[in-house]
Amino acid sequence: MLVLALTLALTANPDPLDAVAAAPGNHLVVFENDQVRVLAVTVAPGETEPPHVHRWPSVMHIQNAQPLTDILFEERDGALVEVRRVQLPDGPPPPALWFEPEGPHSIHNGGSEPFRAIRVELKQEH
């Protein structure tokens with residue numbers, strides 16, 4: 001019952017920075033239930049996706065790697081402020097990557113093709 005109540009509360013009051021809400025052009029829900037949410041992630045060449053968060057830990061499988069920059073933000077006085085840019089390593093990615101929940105960030109695709117990945121978010125009680 002508690003899990004159902006939490007799920008309904010999160011659905012009724014979604015986080016405006018949730019990846020699907022804040023960057024819907026980059027995050028497509030391909031499956032969701034009370035345990036997981038599977039996202040198809042796409043970032044076009046030269047595109048910087050809007051700032052967003054991932055509130056659950058996740059596993060990501062990169063389908064089409066590109067040169068990426070991770071742009072990190074902090075909330076200050078009610079606004080998001082860029083605090084750091086991290087160039088992600090070049091070369092072929094591992095078959096899967098583990099991520100803890102991520103705070104506000106966006107990805108810039110510096111490549112010539114779309115970046116594509118599948119992200120499986122593992123919903124957990126808070």
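Q35 and L122 are 87 residues apart in sequence, and their C-alpha atoms are 6.2 Å apart in space. Q35 sits in the loop between β1 and β2, and it counts as exposed at 55% relative accessibility. On this scale, buried means under 20% relative accessible area, exposed means over 50%, and partly exposed is in between (1.4 Å probe, protein chains only).

A word on how to read what follows. This is a predicted model, in which local features need pLDDT of at least 70, side-chain atom pairs count only at pLDDT 80 or more, and totals for chains, interfaces and linings use all residues. Residues are numbered from 1 along each chain as its sequence is written, and side-chain values use heavy atoms, with hydrogens and water left out.

**The chain as a whole**

The protein chain has 2 helices and 9 strands, arranged along the sequence as α-α-β-β-β-β-β-β-β-β-β. These elements are DSSP runs numbered from the N terminus: helices are H or I with at least four residues, and strands are E with at least two. Of the 126 residues in the protein chain, 32% are buried. Among contacts between residues at least 6 apart in sequence, 73% join residues at least 24 apart. The accessible surface of the protein chain is about 7,400 Å², and carbon and sulfur atoms account for 60% of that. Such areas come from the Shrake-Rupley method with a 1.4 Å probe; for residues, only the protein chains shown count as cover.

How confident is the predictor, and what is the average pLDDT of the protein chain? The average is 90, and 88% of the residues score at least 70. Over residues 1–11, however, the pLDDT is below 50, and this stretch has 4 contacts in the model beyond near neighbours in sequence. The pLDDT is the predictor's confidence in each residue, from 0 to 100. Where pLDDT is low, the predicted coordinates should not be read in detail.

**Salt bridges**

Side chains of opposite charge can pair when their charged atoms come close. A salt bridge here is a side-chain nitrogen of Lys or Arg within 4 Å of a carboxyl oxygen of Asp or Glu. By this rule the count comes to 6 salt bridges, including these:

| Pair | Closest N and O atoms |
|---|---|
| E32 and K123 | 2.7 Å |
| R37 and E121 | 2.6 Å |

E102 lies in strand β8 (residues 102–109) and R119 in strand β9, so their pair ties together parts that are 17 residues apart in sequence. Both E102 and R119 are buried. Salt bridges that share partners also join D18, R37 and E121 into one network. Are R37 and E121 buried or exposed? Both are buried. As for E32, this residue is partly exposed, with a relative accessible area of 41%.

**The nonpolar core**

In soluble globular proteins, nonpolar side chains tend to be buried together. A nonpolar core is a set of buried Ala, Val, Leu, Ile, Met, Phe, Trp, Tyr and Cys residues joined through side-chain atoms within 4.5 Å. Which residues make up the largest nonpolar core? The 9 residues are L39, V41, V43, M60, I62, L68, I107, F115 and A117. Two or more residues come from each of β2, β4 (58–64) and β9, and β2 gives the most, with 3 residues. Leaving aside residues up to four places away in sequence, I107 touches V43, E47, T48, E49, L68, T69, D70 and L88.

**On the surface**

L28, V30 and F31 form a nonpolar patch on the surface, with about 290 Å² of accessible area together. Patches are made of residues with over 30% relative accessible area and no salt bridge: like charges are joined within 9 Å, and nonpolar side chains (Val, Leu, Ile, Met, Phe, Trp, Tyr) within 5 Å. F31 lies in strand β1 (residues 27–32) and is partly exposed, with a relative accessible area of 42%.

Finally, have a look at D77, in the loop between β5 (68–76) and β6 (79–87). D77 has a positive phi of about 50° although it is not a glycine, and at 85% relative accessibility it counts as exposed.

Technical notes
Contact = heavy atoms within 4.5 Å.
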